[in-house]
Amino acid sequence: MIVPDLKTGARPYFGLVVSYALPMKVPFLNQRIVLEASAVERLWIGNTDAEGDEDSSGGEEDHSTIVILEKPNPGVANDQGRIRVKIPPNASASLSIFYKSGQSTAKYLGWKQADKNGYLEWEWKIGVNTTPGTWPFVIQLEDGTSLEATFTVVKRNQVKEVK
């Protein structure tokens, strides 16, 4: 969830990510279906009478949002995973993934800097022994703004059965 800072007028955005795991499983695969949606909307919050001009970077902070452009759908154990996001231009963000065994220590996760257009991508290897299921990941910006979402991991043989 992204909530605007009403006192300073920074980050005039409200964002929400909602996930719903259907109470049924896919026949023959024994996997749950997870529906997920996210939205970010700019709010008009008016004059906050904060000591406005002290923060000259306020114009850039107004764009402190995280938009997920791509995530594994599904992620396959022993294969590459990729998460692509749009954040403020040249900002840094960290990706943390949490599996059943705990926080992932995969190479290429962690802090990275976005390009001049705000695009950022992490690509890592999903471990061969990763437990199938739906797992959360968190993207956090330097200013503390964060977004949590999920992705599903399946075994390679489950992908072949679907095709």
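In this predicted model, Arg 82 has a relative accessibility of 33% and therefore counts as partly exposed, a class that lies between buried, under 20%, and exposed, over 50%. Arg 82 lies in strand β5 and Glu 121 in strand β9, which covers residues 119–125, so this pair ties together parts that are 39 residues apart in sequence. The link between them is a salt bridge, in which the closest N and O atoms of Arg 82 and Glu 121 are 3.7 Å apart.

## Charged side chains

Side chains of opposite charge can pair when their charged atoms come close. A search of the whole structure finds 3 salt bridges, and another of them joins the side chains of Glu 70 and Arg 82, with 3.5 Å from N to O. Because Glu 70 lies in strand β3 (residues 67–70) while Arg 82 lies in strand β5 (residues 80–86), this pair ties together parts that are 12 residues apart in sequence. Glu 70 itself is partly exposed, since its relative accessibility is 31%.

What is the relative accessible area of Glu 121? The value is 31%, and for this reason Glu 121 is described as partly exposed. The side chain of Glu 121 also meets that of Arg 84 in a salt bridge, at 4.0 Å from N to O. Here the pair ties together parts that are 37 residues apart in sequence, because Arg 84 belongs to strand β5 and Glu 121 to strand β9. With a relative accessibility of 28%, Arg 84 too counts as partly exposed. Through the partners that these salt bridges share, Glu 70, Arg 82, Arg 84 and Glu 121 are joined into one network.

The salt bridges can be set side by side as follows.

| Residues | N to O distance |
|---|---|
| Glu 70 and Arg 82 | 3.5 Å |
| Arg 82 and Glu 121 | 3.7 Å |
| Arg 84 and Glu 121 | 4.0 Å |

A charged group can also be placed against a ring, as with Lys 86, whose charged end sits over the ring of Tyr 119 at 5.1 Å from the ring centre.

## Aromatic rings

The structure holds 3 aromatic pairs. In one of them, the rings of Tyr 99 and Phe 151 have centres 6.3 Å apart and planes at 75°, so the pair is edge-to-face. This pair links distant parts of the chain, with Tyr 99 in strand β6 and Phe 151 in strand β11, 52 residues apart. Are these two residues buried or exposed? Both Tyr 99 and Phe 151 are buried.

Phe 151 also pairs with Phe 137, and because the planes of these rings stand at 55°, with their centres 6.0 Å apart, the pair is tilted. This pair, too, links distant parts of the chain, since Phe 137 is in strand β10 and Phe 151 in strand β11, 14 residues apart. Phe 137 is buried, as is Phe 151. Taken together with Trp 124, the residues Tyr 99, Phe 137 and Phe 151 form one aromatic cluster.

## Strand β10 and its neighbours

Strand β10, which spans residues 133–141, has a covered face made up of Gly 133, Trp 135, Phe 137, Ile 139 and Leu 141, whereas its uncovered face consists of Thr 134, Pro 136, Val 138 and Gln 140. Strand β6, residues 92–99, runs antiparallel to β10 and is joined to it by 5 bridges, and the bridge partner of Leu 95 in β10 is Ile 139. Strand β11, residues 146–154, is also antiparallel to β10, and 8 bridges join the two. In β11, the bridge partner of Ile 139 is Leu 147. The hairpin of β10 and β11 has 4 residues between the strands, and in this hairpin Gly 144 takes a positive phi near 95°.

## The protein as a whole

The secondary structure comes to 2 helices and 11 strands, and along the sequence these elements follow the pattern β-β-α-β-β-β-β-β-β-β-β-β-α. The protein has 163 residues, of which 34% count as buried. Among contacts in the protein with a separation of 6 or more, 60% are accounted for by residues 24 or more positions apart. The accessible surface comes to about 10200 Å², and 51% of this surface belongs to carbon and sulfur atoms.

Note on methods
Residues numbered from 1 in each chain as written. Predicted model: local features only at pLDDT ≥ 70, side-chain atom pairs only at ≥ 80, totals over all residues. Heavy atoms only, no water. Buried < 20%, exposed > 50% of the residue type's maximum accessible area, 1.4 Å probe, protein only. Pairing = 2+ DSSP bridges. Phe/Tyr/Trp six-rings, centres within 6.5 Å; stacked < 30°, edge-to-face > 60°. Lys NZ or Arg CZ within 6 Å of the ring centre and 35° of its normal. Contact = heavy atoms within 4.5 Å. Areas by Shrake-Rupley, 256 points an atom, 1.4 Å probe, with all protein chains shown as cover.
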